[in-house]
Amino acid sequence: MSVPLLQIKDIASTAIDEFIKVKEQKRHSVQTLQQTKEKVDNLLLTVRNARFDSLEMLVKLLAETRKMQGEVIELNSLKYMDTEAVEELKSVLQSTAAKLSDKTVEYLLRQEALIPYEEKVTEQRSAVDSVTKVIDANKIEENCKAISGELELLIDILNSLKIDDTTQTTRIIEKISLIFSSLNEVRAQLKRR
């Protein structure tokens, strides 16, 4: 008689443990969704209030939006997630990313869009003339690598944007290529010293 009672007790205990685990997973999913919604709302507020007067700002907002899209997609991996709420967040972020992409392309097509990069290259060219020590040359080379990295990131972003007119893409890439060319001239000038 005691063996069946012990089995019932074990089964009941297992059922209670499972119930507690499911309840905890549901609570965790709700909490994670709420935290993600708050992050998305903060990002949307930042985007709404942003002044799109610098390429740096646009690139930063695009990167943050893409990162947030990844976080939202990850929500679906949690058990007991509200998939409708997740789809709604994905839709809002997709729309925001599209608007930011359009603004970035619009900005990149401006004549003055890449002037900050041109100025950085000019600054390095001027610094080459005053190089007297190897340590000075190393600093200039590091700066050139940083500028090169930023330009490569810009090309990656450009390739991931949805641009209907390929002539626009070509114009922007040509501008970036000219800056790369100037940067390579600075590096060559530095090596000759």
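**Group meeting talk: a core and the helices around it**

Hi everyone, let's start in the middle: the largest nonpolar core here has 48 residues, and Leu-55, Leu-114, Leu-154 and Ile-176 have the most contacts inside it. A nonpolar core means a set of buried Ala, Val, Leu, Ile, Met, Phe, Trp, Tyr and Cys residues joined through side-chain atoms within 4.5 Å. Buried means under 20% relative accessible area, exposed means over 50%, and partly exposed is in between, using a 1.4 Å probe and protein chains only.

Which elements give two or more residues to this core? They are helix 1, helix 2, helix 3 (83–108), helix 4 (115–129), helix 5 (134–160) and helix 6 (166–192). Helix 5 gives the most, with nine residues. When I say helix, I mean a DSSP run of H or I with at least four residues, numbered from the N terminus; strands would be runs of E with at least two.

A quick word on where this comes from: this is a predicted model, where local features need pLDDT of at least 70 and side-chain atom pairs count only at pLDDT 80 or more, while totals for chains, interfaces and linings use all residues. Residues are numbered from 1 along each chain as its sequence is written, and side-chain values use heavy atoms, with hydrogens and water left out.

Back to Ile-176. Leaving aside neighbours within four places in sequence, Ile-176 is in contact with Leu-114, Leu-151, Leu-154 and Ile-155. Contact means heavy atoms within 4.5 Å.

Now for the helix pairs. Two packed helices are described by the angle between their axes and the distance between the axes. The axes are lines fitted to C-alpha atoms, for helices over the stretch in contact, and angles run from 0 to 180 degrees between N-to-C directions.

At what angle do helix 1 (residues 2–49) and helix 2 (residues 55–75) pack? The angle is about 160°, with the axes 11 Å apart. That makes helix 1 roughly antiparallel to helix 2. As for the cut-offs, under 35 degrees counts as roughly parallel, over 145 as roughly antiparallel, 65 to 115 as roughly perpendicular, and the rest as oblique. Helix 1 passes helix 2 in a left-handed crossing, where left-handed means the near helix is turned anticlockwise from the far one by less than a right angle, and right-handed means clockwise. Among the residues that meet here are Leu-33, Val-40 and Leu-43 in helix 1 and Leu-61, Met-68 and Val-72 in helix 2. The residues of this contact divide into eight nonpolar, four polar and three charged. For these classes, Ala, Val, Leu, Ile, Met, Phe, Trp, Tyr, Cys and Pro count as nonpolar, Asp, Glu, Lys and Arg as charged, and the others, Gly among them, as polar.

Helix 1 also packs with helix 3, at an angle of about 20° and with the axes 11 Å apart. That makes helix 1 roughly parallel to helix 3. The contact includes Val-40 and Leu-43 of helix 1 and Leu-89 and Leu-93 of helix 3. By class, this contact of helix 1 with helix 3 has 11 nonpolar, two polar and one charged residues.

Let's stay with Leu-93, which lies in helix 3. Is Leu-93 buried or exposed? At 0% relative accessibility, Leu-93 counts as buried. Not counting residues up to four places away in sequence, Leu-93 touches Val-40, Leu-43, Thr-65, Met-68, Gln-69 and Val-72.

Tyr-107 is in helix 3 too, and is buried, with a relative accessible area of 7%. Tyr-107 and Asp-53 are 54 residues apart in sequence, and their C-alpha atoms are 8.2 Å apart in space. Contacts of Tyr-107 beyond four places in sequence include Phe-52, Asp-53 and Leu-55.

One more pair: helix 4 and helix 6 pack at about 10°, with their axes 10 Å apart. They are therefore roughly parallel to each other, and helix 4 passes helix 6 in a left-handed crossing.

Tyr-80 is in the loop between helix 2 and helix 3, and is partly exposed, with a relative accessible area of 42%. Phi of Tyr-80 is near 60°, a positive value in a residue other than glycine. Most residues other than glycine have a negative phi. And Ile-8, in helix 1, counts as exposed at 52% relative accessibility.
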